[in-house]
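Here is a friendly walk through one protein model, for reading alongside the sequence and the coordinates. We start with the sheet and then turn to confidence, helix packing and aromatic rings.

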Amino acid sequence: MNRFLLWRRSRDWWRQQLSLGPARTALDELRSLLERVAASEWTLGQARMHTSDAARTIAATLAEICAQVSATLYDWSSAEAGQAAAAEALDEEVTVRLRDRGGQLREVITGDLLDAVTGWLEPGWPALEHGDYRDARTGLERRVDETLRQYRYHLVHRGVQEKPDFGTADAGRQELVDAVWRQSQQVVRALQAPPGGQMLQLCGDRDLSLLLRQAYAVRFAPRAVRGQGNPPGVVWTRSGQYAGTLRLVPLRPGTVEENWSGDGA
C-alpha cells in the first residue's frame, strides 16, 4: 500500500512539474482545429480548384479578345487614315462636329465593344460551369471576327448614332446625336431646301426638255435625327451618313412609249 501511495504521489508531482494538464488542453484544441481545417479543405478544395481554373480561363480568353480587337482596330485606323487623306467630305460640317467630339465618340464605341465582349463570352459560360475549360473558348475567334465585321459595316452605313444589333447601352449616344446632327445648320438647310431652289443637277442638259416644270421634293435623313424642328414628310432612313432633299421632276407625257411583247416582258 505504501508503495502504491508513493507511486501516485510521484505521478502527481511529475504531472505537476511537466504541466501535462495545460498541455493536454492545448493538444485537444489543436486536434479540434486540425479537424475543422481538414474538413473545410476536403469540402471546398474541389470548388476552389474549379474557381481558380475558371478564373485563369477567363483571363486568357479576355487577353485573346483584347489582342484580336486591338489588331482589328489598328487595321481600321490605318485604312481610315488613307481614305481621310483623299476625302473632301472631311470638310463637311457634320464630319467636323463629329471629329471635334472625339471623347464622346470614343465613349460610345467603347460601350459598344463592351457589349460585344459580353456576347462573345456568353456561349462559353455553360462549358465553363461544367469544367470544360477548352470548350469555353471554342469558336471565340470566329465570333469576334464576325461581330467586328458587322460593326464596321454598321459604323460605315449607319453611323454611331444608332445602336448596333448586339448593343444594349446607349450611354452618351443621344447626346452625341443632338450635338452633331440636330444642331447642324447644314442638315437643317439641306432638309428645308425648296423644290424650286438651286440644287445639284443630276440629269444631262439635253434631258431637261423631256421634263415638266413642276417638281416634287423628297427629304431624307437618318432616323436617329428625328425630333422637333424637322420639316414634315421626311423619310427617315437607316443610313447614318446622308441627309438632304431630292428634287424629282416627272417626264412629259408621251416621252416613254409602252411596248408590250407577246411574251409579256
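## The sheet

Three strands form an open sheet in the order β2-β1-β3, and the pairing is mixed. Because β2 (235–237) and β3 (244–248) stand at the edges with a single partner strand each, one side of each has no neighbour in the sheet. From one strand to the next, the twist averages 30 degrees. Strands here are DSSP runs of E with at least two residues, helices are runs of H or I with at least four, and both are numbered from the N terminus. Two strands count as paired if DSSP finds at least two bridges between them.

Strand β1 (residues 216–222) and β3 run antiparallel and are joined by five bridges. One place to look is A217, whose bridge partner in β3 is R247. On the other pairing, β1 and β2 are parallel, over three bridges. There, P222 has T237 of β2 as its bridge partner.

## Confidence in the model

This is a predicted model, in which local features need pLDDT of at least 70 and side-chain atom pairs count only at pLDDT 80 or more, while totals for chains, interfaces and linings use all residues. Residues are numbered from 1 along each chain as its sequence is written, and side-chain values use heavy atoms, leaving out hydrogens and water.

The pLDDT (the predictor's confidence in each residue, from 0 to 100) averages 80 over the protein chain, and 84% of the residues score at least 70. The pLDDT is below 50 over residues 86–90, a stretch with four contacts in the model beyond near neighbours in sequence. Where pLDDT is low, the predicted coordinates should not be read in detail.

## Helices that pack on α7

Helix α3 (residues 93–100) and helix α7 (residues 173–182) cross at roughly 145 degrees, and their axes come within 9 Å. Axes are lines fitted to C-alpha atoms, for helices over the stretch in contact, with angles from 0 to 180 degrees between N-to-C directions. This crossing of α3 and α7 is right-handed; a crossing is right-handed if the near helix is turned clockwise from the far one by less than a right angle, and left-handed if anticlockwise. V94, R97 and L98 of α3 meet L176, A179, V180 and W181 of α7, where contact means heavy atoms within 4.5 Å. By class, these residues are six nonpolar, no polar and one charged. Nonpolar covers Ala, Val, Leu, Ile, Met, Phe, Trp, Tyr, Cys and Pro, charged covers Asp, Glu, Lys and Arg, and the others, Gly among them, are polar.

Helix α4 (residues 102–121) also packs with α7, at an angle of about 145 degrees with the axes 9 Å apart. Here the crossing is left-handed. The contact involves Q104, L105, V108 and D112 of α4 and R173, E175 and L176 of α7, which divide into three nonpolar, one polar and three charged.

## An aromatic pair

How many aromatic pairs does the structure hold? There is one: Y151 and F166, edge-to-face, at 5.6 Å centre to centre with 65 degrees between the planes. Rings of Phe, Tyr and Trp (its six-membered ring) pair if their centres lie within 6.5 Å, with planes under 30 degrees apart counted as stacked, over 60 as edge-to-face and the rest as tilted. Y151 lies in helix α6 and F166 in the loop between α6 and α7, 15 residues apart.
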